[in-house]
Amino acid sequence: MRPAIIRQLLTAAAIGVAVSSSLVAQRAANHALDRANLDTTCAPCTDFYEFANGNWLKHNKIPPDKTSLGSFGMLGDKNQEVVQKIVIDDANLVRDGEAKLGSNDWKIGDFYLVCMDTVAMDKAGYAPIRSELDMIAAVKTPDDVAKAFGQGARGGGGGRGGGGGLAPFGLGPQTDPRNSKMVIVSANQGGLVLNREDYLGTNPRAVKRRDDYIAHVSRSLELLGESEAQAASDAQKILALETELAKVSMAQADMRDPVAMYHKMPLAEFAQSTPHINWTRYLQQVHARNVTDVNVRTPKFFTSLDSLITNAPVDDWKAYLRWHALNGAMPSLGSPFRKEAFRWQQITTGVQQQQPRMKQCAAATNAALGEAVGQDWIKRNFTPEAKARAAKMVDNLVSALRDRINGLDWMGAATKQQAVTKLNAFMRKVAYPDKWRDYSTLNLTSGKYYQNQQAVAEWNAARAWARVGHAPDRAEWSMTPPTVNASYSPSLNQIQFPAGILAPPFFDPNADDAVNYGAIGAVIGHEMTHGFDDQGRQFDAEGNLRDWWTPEDAAKYKTAAQKVVDQFNGYTVVDSATHVNGRQTLGENIADLGGLTVAYFAMEKALAGKPHTKIDGFTPEQRFFLAWAQVWRSISRDEALIQQVKTDAHSPSRWRVNGPLSNMPEFAKAWGCKEGDPMVRPENLRARIW
Ligand SMILES: [Zn+2]
């Protein structure tokens with residue numbers, strides 16, 4: 001819903017929210033790194049990812065209900081097992097009449113039980129969206145089309161635009177990039193189901209994806225009772241209309257420039273540029289108040305959409321609206337709809353089997369009531385000692401980055417001073433919120449799954465809209481406690497590390513320093529570096545989009561960043577034609593390189609004066625790099641990898657290891673690599689920023 005810019009360690013979809021039986025072996029203390037995972041037949045200076053993970057990669061298989069398997073997903077499974085226990089315990093309380101109606105325990109237990117009741121869902125078929133479909137059927141004029149954008153389900157809805165039911169755009173609260181103390185409204189392109197490139201591409205893969213999509217849309221519309229011929233013709237119209245939207249949408253890599261994305265204007269001015277969309281009516285429909293200014297991130301998209309409202313036949317729009325009303329709702333409707341939704345997932349991700357319903361519902365409950373479930377999760381699974389240790393680690397990394405900034409030879413004193421001011425202002429969130437979200441006003445008594453989900457979406461939307469015209473809530477968390485991820489927000493100048501990632505193999509109180517610095521230390525460094533990546537560096541200590549760089553230093557930064565772009569453009573996945581997009585992934589690649597560098601020097605500081613004892617035959621420096629490689633070991637289905645390269649800001653895991661390490665002289669030294677080795681980039685191409 002909220003189109004905030006938040007940089008995460010990885011995109012949640014890339015790990016697959018999947019949960020199957022845990023494959024995480026309990027590792028004994030002092031064996032934070034398992035030699036058995038290595039492939040010592042591969043030289044570390046040739047392909048470090050393979051050396052560090054080769055045997056693991058060879059001996060593991062992707063479970064049929066997942067798109068990938070790796071450290072993130074395996075820890076996620078373990079965390080999810082605790083979630084599962086919590087929701088089942090609460091469900092038992094509800095069944096036994098022991099949970100107080102409306103209490104958090106009751107909400108958790110009942111949400112889960114209602115989700116499990118597939119008999120009721122099957123009986124309802126598509127009844128939950130029938131009123132929406134009736135509303136769409138009554139559309140007669142272009143103005144009815146624009147009105148329909150604001151009707152129907154709020155918060156859910158199809159398409160990637162997010163922000164509001166049927167609308168082919170995202171419109172929602174966002175902190176003003178140039179005034180971090182004020183929440184305004186942000187307007188974003190949207191309305192696509194496929195990736196933009198799949199609508200526009202002429203390569204066989206894109207053509208096939210469009211054919212598959214047409215078949216999927218047709219089958220889905222037939223489930224609503226349309227004839228085969230009607231559904232096929234509607235699917236063609238839908239694809240054509242979405243293709244028009246794709247043509248006027250910006251590529252993801254071009255959207256990384258926050259200055260180019262800033263077009264704040266009074267609501268009246270936005271209305272003038274889009275005369276066929278009545279924004280006052282739209283905002284009333286979504287219950288928004290206090291809206292005076294809008295940041296129109298993609299102006300060309302909106303003026304083109306406005307023309308399309310009158311230029312495309314109303315019947316085509318009706319087909320589009322019908323499909324988008326259905327698409328977002330399918331997983332919560334009767335069995336044929338759920339099956340078709342999963343069939344599409346199989347095509348696009350390569351996943352073979354659906355997760356057991358229990359796991360789907362535990363995950364859905366956690367997604368809906370994250371901080372209610374999270375409170376219990378913390379009680380069962382996390383100690384204050386672990387929080388204190390992790391917070392200490394964050395302090396050490398902040399101090400290491402301060403040292404790095406002060407010691408940079410390419411940056412002038414004026415820019416350094418501003419950079420350190422920004423670093424000192426970082427707000428640090430570790431493990432879980434100080435104050436838990438209050439769910440008392442969330443009403444979940446419908447006893448119906450689709451309605452429960454809508455209630456959650458509307459409740460979240462209302463909370464977000466209530467902030468417009470006020471300062472953002474800096475204490476709020478954007479991730480739930482069991483989440484295996486981390487993030488940085490440029491507007492809040494804030495780093496966030498949920499309890500879910502503060503566990504092995506990321507963070508292990510029993511492991512040696514080198515391993516912890518190479519894993520969670522580099523993760524912390526990664527998030528901090530986002531404050532200084534190609535995007536983050538354009539925001540100041542207060543979170544405002546403001547240029548605090550001297551022109552000379554900015555130019556030097558750009559030259560170094562271009563080296564990273566060129567480097568990652570050269571990497572491929574699956575086949576030689578599928579390249580990593582160096583511009584799209586630039587911020588993440590800079591964060592990996594910077595995070596590792598900072599963590600490495602933080603480790604050296606921690607080890608200073610202590611004996612550099614080898615463990616399992618490896619020096620601390622070697623174990624540092626092995627720990628990073630272990631965090632990123634992963635096997636993925638080809639479909640998922642291709643999807644990642646097209647849409648994700650993060651590079652595939654192999655390149656998150658070999659990419660940054662081949663830039664680091666510290667790596668070459670630790671492993672005795674020489675100029676000319678594949679893991680040592682030539683000096684003139686090597687990037688070092690932080
Ligand atoms: Zn990141």
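**Loops and helices in the predicted model**

Pro505 sits in the loop that runs between strand E9 (494-498) and helix H21 (513-530). In this predicted model, the peptide bond joining Pro504 and Pro505 is cis, with omega at about 5 degrees.

Asn493 is found in the loop between strand E8 (487-489) and E9. Although Asn493 is not a glycine, its phi is positive, at about 45 degrees. The relative accessibility of Asn493 comes to 1%, and since buried means under 20%, Asn493 counts as buried. Val574, also not a glycine, has a positive phi near 60 degrees. Its place is the loop between helix H22 (551-569) and helix H23 (586-607). With a relative accessible area of 39%, Val574 is partly exposed, as the value falls between the 20% limit for buried and the 50% limit for exposed.

Turning to the helices, H2 covers residues 48-59. Its 12 residues, at 1.5 Å a residue, should span 16 Å, and the end C-alpha atoms are 18 Å apart, so the two values agree. At the N-terminal end, H2 is capped by Asp47, which places a side-chain oxygen 3.3 Å from the backbone nitrogen of Tyr49. Tyr49 itself is one of the buried residues of H2. As for what lies over them, the cover includes two strands, E2 (68-70) and E10 (634-636). Helices contribute to the cover as well, among them H3 (71-95), H24 (620-631), H26 (653-661) and H27 (665-671).

A helix pair comes next. Helix H4 (residues 104-116) packs against helix H20 (residues 449-465) with the axes 9 Å apart and at an angle of about 135 degrees. H4 and H20 are therefore oblique to each other, given that roughly antiparallel would take an angle over 145 degrees. On the H4 side, the contact is made by Phe111, Val114 and Cys115. H20 brings in Tyr449, Asn452, Gln453 and Val456. Sorted by type, the residues of this contact come out as five nonpolar and two polar, with no charged residue.

How values were computed:
Residues are numbered from 1 along each chain as its sequence is written. This is a predicted model: local features need pLDDT of at least 70, side-chain atom pairs count only at pLDDT 80 or more; totals for chains, interfaces and linings use all residues. Side-chain values use heavy atoms; hydrogens and water are left out. Axes are lines fitted to C-alpha atoms, for helices over the stretch in contact, and angles run from 0 to 180 degrees between N-to-C directions. Helices (H or I, at least four residues) and strands (E, at least two) are DSSP runs, numbered from the N terminus. Angles under 35 degrees count as roughly parallel, over 145 as roughly antiparallel, 65 to 115 as roughly perpendicular and the rest as oblique. Contact means heavy atoms within 4.5 Å. Ala, Val, Leu, Ile, Met, Phe, Trp, Tyr, Cys and Pro count as nonpolar, Asp, Glu, Lys and Arg as charged, and the others, Gly among them, as polar. The expected span of a helix is 1.5 Å times one less than its number of residues. Buried means under 20% relative accessible area, exposed over 50%, partly exposed in between (1.4 Å probe, protein chains only). A polar contact is a pair of N or O atoms within 3.5 Å; within protein, one must be able to donate a hydrogen and the other to accept it, and residues adjacent in sequence count only if both atoms are side-chain atoms.
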